[in-house]
Amino acid sequence: FPVTITGDTRWIGNDLWYAIQWTNLHAHGSGWLSAEGLSFSVPGTNAPVWSSFDTLSPDLGSYLRGLGGNTGAVVYDESRHHYYTDNMNGEFTVASSMKVPIMLTFLTMTENQGREPNGNEMYLLQTMIENSDNDSAQALFLEIAGMGPIQALLGRLDISGFAPNYDEWGWSTISPLAMVRLLTALHDG
């Protein structure tokens with residue numbers, strides 16, 4: 001996580017230590033950090049920062065690790081361009097979360113056609129998202145012509161970590177990182 005070097009330094013043995021201050025989503029503090037534990041980035045760069053859930057909460061990090069490979073989680077703090085991760089590339093059944101890529105693919109299709117969704121399509125979108133209606137999702141899935149356009153959209157968004165199931169869309173798999181990137185794309189328009 002990002003730290004601010006306050007200016008004080010000290011040598012302990014052969015190691016240089018920096019006095020630091022830090023802030024994350026839930027806490028702040030100060031202390032000392034070995035120069036070996038620091039990596040520098042140029043101010044103003046937009047490179048993402050990656051850290052484990054331990055940075056947010058050691059208890060949460062410990063809990064997630066205790067679950068083994070059965071879970072994966074990613075939180076993206078868009079304001080700080082910071083990812084907090086645990087098993088971010090694990091493959092998990094997408095289930096009803098597949099309705100998000102179906103919706104985005106459908107909306108991309110109508111935008112490319114230069115039109116807005118008609119009344120029936122709006123009904124299908126609304127019931128698919130608000131009520132998790134599988135019949136509405138299937139109707140829209142067929143309208144976008146299946147899995148190919150979804151994969152093409154994810155490719156254009158440079159999102160990897162999705163493995164389609166051509167027989168049953170809900171049994172496709174996605175990584176937590178891929179889902180966060182997809183939801184970030186939705187948020188950012």
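A residue counts as buried under 20% relative accessible area, as exposed over 50%, and as partly exposed in between, using a 1.4 Å probe and protein chains only. By that rule Thr85, at 16% relative accessibility, is buried. The structure is a predicted model, in which local features need pLDDT of at least 70 and side-chain atom pairs count only at pLDDT 80 or more, while totals for chains, interfaces and linings use all residues. Residues are numbered from 1 along each chain as its sequence is written, and side-chain values use heavy atoms, with hydrogens and water left out.

**Strand residues**

- Helices (H or I, at least four residues) and strands (E, at least two) are DSSP runs, numbered from the N terminus.
- Thr85 belongs to strand E6, residues 82–86.
- Contact means heavy atoms within 4.5 Å. Beyond its neighbours within four places in sequence, Thr85 is in contact with Trp50, Ser51, Ser52, Phe53, Ala73 and Val74.
- Ser51 sits in strand E4, residues 49–52, and is buried at a relative accessible area of 12%.
- With neighbours within four places in sequence left aside, Ser51 is in contact with His82, Tyr83, Tyr84 and Thr85.
- From Ser51 to Phe162 there are 111 residues in sequence and 22 Å in space, C-alpha to C-alpha.
- Trp11, in strand E1 (residues 3–12), is exposed, with a relative accessible area of 60%.
- Trp11 and Asn70 are 59 residues apart in sequence, and their C-alpha atoms are 43 Å apart in space.

**Nonpolar core**

- A nonpolar core is a set of buried Ala, Val, Leu, Ile, Met, Phe, Trp, Tyr and Cys residues joined through side-chain atoms within 4.5 Å.
- The largest such core has 26 residues, and those with the most contacts inside it are Met98, Ile102 and Ile150.
- At least two residues of this core come from each of H2 (99–112), H3 (119–130), H4 (134–143), H5 (147–156) and H6 (176–188).
- H2 gives the largest share, 6 residues.
- Apart from neighbours within four places in sequence, Ile150 is in contact with Met98, Pro101, Ile102, Thr105, Phe141, Ile144 and Phe162.

**Helix H2**

- H2 has 14 residues and spans 20 Å from first to last C-alpha, close to the expected 20 Å at 1.5 Å a residue; the expected span is 1.5 Å times one less than the number of residues.
- Of the 14 residues in H2, 10 are buried, including Lys99, Thr105 and Thr110.
- Those buried residues pack against H3, H4, H5 and H6.
- Gly114, with a positive phi near 70°, follows H2.

- Axes are lines fitted to C-alpha atoms, for helices over the stretch in contact, and angles run from 0 to 180 degrees between N-to-C directions.
- H2 and H4 pack at about 40° with axes 10 Å apart, and are therefore oblique to each other.
- Angles under 35 degrees count as roughly parallel, over 145 as roughly antiparallel, 65 to 115 as roughly perpendicular and the rest as oblique.
- The H2 and H4 crossing is left-handed, meaning that the near helix is turned anticlockwise from the far one by less than a right angle.
- In this pair, Lys99, Ile102, Phe106 and Met109 of H2 meet Asn134, Ala137, Leu140, Phe141 and Glu143 of H4.
- H2 and H6 pack at an angle of about 40°, with axes 11 Å apart, and H2 passes H6 in a left-handed crossing.
- Val100, Pro101, Met103 and Leu104 of H2 make this contact with Met179, Leu182, Leu183 and Leu186 of H6.
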